[in-house]
Amino acid sequence: MESLIQIINKLQDVFAVIGEHKIDLPQIVVVGSQSSGKSSVLESLVGRSFLPRGTGIVTRAPLILQMIRYSKEERENVIKLTKNNEIKCWATFLHKPETIYDNFDEVRYEIEKRTDVLAGSNKGITHEAIVLKVFTLLYDLTFVDLPGITKVPVGDQPEDIDEQIQELILKYVQQENSIILAVVTANTDPTTSESLKIARKMDPNGIRTIAVVTKLDLIDKGTIQDTTELLCGHKIPVKLGIIGVVNRSQKDINDNKSMQETLKSEKEFLRLNYPDIYKKHGNKVLAKTLQDILVKHIKKTYPVLHKNLQDTKLRLENELVTLQTPDSKVSFILSLLKKISKSYCDTILGNRKDISDKIVIGGARISEIINEEYLDKINQINPLHDLTDEQIGVILLNTSGITKSSFVNEKALEHMIFRQLNNIIEPSMSSVDFVRVEMLKIFDSIDENILETLKRFPRINSDVRNVLNKMLDEKLNDLKIFIRSFIETYQTCLNTTNPNFLFQLVRSSTEMQDENISAFMNNTSKNIEKFVISEDNEKEESEKNIQLFKQMLSGLNDLDTNIETSKQVKIHKCLTQCYFEFIREIIRDFVPKRIHHKMVKLVLDNFEQELDEKVFTPYVINRSFDEVMIEEEGVIDERQRVENMLNAVNIALKNMIDIQCF
């Protein structure tokens, strides 16, 4: 039976072929700075020298390294193919599955060559992975080797190379199913280690991080005690362990020192320098530890991974439904138009099953516009906006012409009411525009599958949107004309005897009732009394009373006194305010109802019929179904991508059945 790790390797192969995906596979991600010994660690685990070396960035593409323990039958098959009876370790690449490499110098050359294909030859990096399978008798293990962390561009490296590398590393280590293998050098302060900084950022509790300490042979003898504390876990807070290793030096590589000799030298070095803990360190211990960790991790993450695959399968199947080419174009378009109308109406009426809990949309947003935002705007309008006492006084004088003004100047009042009600027209017209805009926006909130289908066919999409736009424009113009006319009616036809207005007047300020309404009658009666007394008893006051009587007969006009104390100004000011508030109450009740009745409801009632008459029927008459069903550029590629991804997920689910047996 295949090992758990080999099953995960198969999943990696499947998803590596299709490129970008959101499947979070359990894997060991190797992170380390340049020259930290990252490549040497991997080569020691594999037992072969095969990774590119040199200055600057050598690893420029993610390298998925799969170590696979082969069976006797598999080796016999490879011997037949290669004619090499001595073969004990070989490699293949996912992009060249038929080529078997038993010379690992050629493996190195192929990695370099493939990197240039994927990332170019200008020292840039790529997110597209290279998958290398190494068949060995040692272990089942899988790694993702990433570019070494760097801060300063070297040579012809891009200026933002550090940001590019950080982005690539974070893409892998932030996945919850990834185990972080942080490579740390013994001859530097671990608190400054870039790999540990990234690990702490993505795994703050250290529950999925293991640290590997390299270059133990390069430290000063006097610091062995400090290094011992480091290897015992006293300085690095990681939960999966800290393992020290001694790899080949550059001199060892130049001298072609074998891996077997290196492992022997490593064991002896650790025994001599770290006698109390040496059995817990070294490359062999590292390999065994990583294997155990990865197996446990696969078992632990299996339920989440399986659910993720199942959810992805369902999502892709739904996507594919919207991308499939219909058998009958006529029935497909007819059905699509009905679905569009229903989803649009459901969105406005609140009948959608997939109700948003994030933002207010659809009919609820329309209601906000016409029942809250509009009312708030007109409620904030000052009835006496831009109408001062001085202006009222001038209006009273100008409208009375060559005659004295009566107690209530009807012409002045009409002029002021007309002027102030103008302030309601603009927000009323704007509310209609806002509702129209919102009803167009609502179309982009209908069922996502329907919208995705429409995107495939630009002609149908355009025709449907044009119908909705035209319907709203027609309703918009008629509605705005009617609302304007409704408000203008109240501007030009005053009815100060309306019981509701009189009630509004009664509810107005006591100043209006106590001082202004009674002002004329009180003053008149007193003046008459004075006139009588003057005629009988005080001849010297007769002239004064004659003037008062003359004023009563010719009409009230106290504008010759201070405007601020003019009763005539006060009463016209109060009448204007009361009448404005009386009409505003009527308008704020009427406008929302009219918008709902003559725009929203009419569109809801007639949208399906309009689509049938203006879209489907012309298609039938002109026999243009083939023309309108031409897909948008890129849809065929997208359909192929979804099909490939769905196929990969199905294969992955099939392979995961074996995991349940462990």
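Predicted model: local features only at pLDDT ≥ 70, side-chain atom pairs only at ≥ 80, totals over all residues.
Visitor: How many helices and strands does the chain have, and what makes a run a helix or a strand?

Guide: The chain has 23 helices and 9 strands; these are DSSP runs numbered from the N terminus, with helices being H or I of at least four residues and strands being E of at least two.

Visitor: What makes strands S7 and S8 a pair?

Guide: Two strands pair if DSSP finds at least two bridges between them, and S7 and S8 have 6 bridges in the parallel sense, with Ala-182 standing opposite Ala-211 in S8. Strand S3 (residues 90-93) and S4 pair over 2 bridges in the antiparallel sense, and here Ala-91 stands opposite Tyr-101 in S4.

Visitor: Why are S4 and S9 called edge strands?

Guide: The 9 strands form an open sheet in the order S4-S3-S5-S2-S6-S1-S7-S8-S9, with mixed pairing. Strand S4 (96-101) and strand S9 (242-244) are the edge strands, as each pairs on one side only. From one strand to the next the twist averages 25 degrees.

Visitor: How do you know that helix H5 packs on the sheet?

Guide: Contact means heavy atoms within 4.5 Å, and helix H5 (residues 161-173) touches strand S1 (27-31), strand S6 (141-145) and strand S7 (178-185). The direction of H5 makes about 155 degrees with that of S1, where axes are lines fitted to C-alpha atoms, for helices over the stretch in contact, and angles run from 0 to 180 degrees between N-to-C directions.

Visitor: Why is strand S8 called mostly covered?

Guide: Buried means under 20% relative accessible area, exposed over 50% and partly exposed in between, with a 1.4 Å probe and protein chains only; in strand S8 (residues 209-214), 6 of its 6 residues are buried. Both faces are covered, with Thr-209, Ala-211 and Val-213 on one side and Ile-210, Val-212 and Thr-214 on the other. Across the chain, buried residues make up 47% of the 662 residues.

Visitor: What makes the buried residues of helix H9 lie on the same side?

Guide: The buried residues of H9 are Met-259, Thr-262, Glu-266, Phe-269, Leu-270 and Asn-273. They cover an arc of only 95 degrees around the axis, so they lie on the same side of H9; the arc is that of the directions from the helix axis to the C-beta atoms. On the other side of H9, Gln-260, Lys-264, Lys-267 and Leu-272 are exposed. The buried residues pack against helix H2 (38-46), helix H7 (224-231), S9 and helix H10 (283-323).

Visitor: How do you know that the buried residues of H7 line one face?

Guide: The buried residues of H7 are Ile-224, Thr-227, Thr-228, Leu-230 and Leu-231. Seen down the axis, they fall within an arc of 160 degrees, so they line one face of H7. Their cover includes S8, S9 and H9.

Visitor: What describes the packing of H15 and H16?

Guide: Two packed helices are described by the angle between their axes and the distance between the axes. For helix H15 (residues 448-456) and helix H16 (residues 458-492), the angle is about 115 degrees and the axes are 5 Å apart. The contact is made by Leu-451, Leu-454, Lys-455 and Arg-456 of H15 and by Pro-458, Ile-460, Asn-461 and Arg-465 of H16.

Methods
Residues numbered from 1 in each chain as written. Heavy atoms only, no water.
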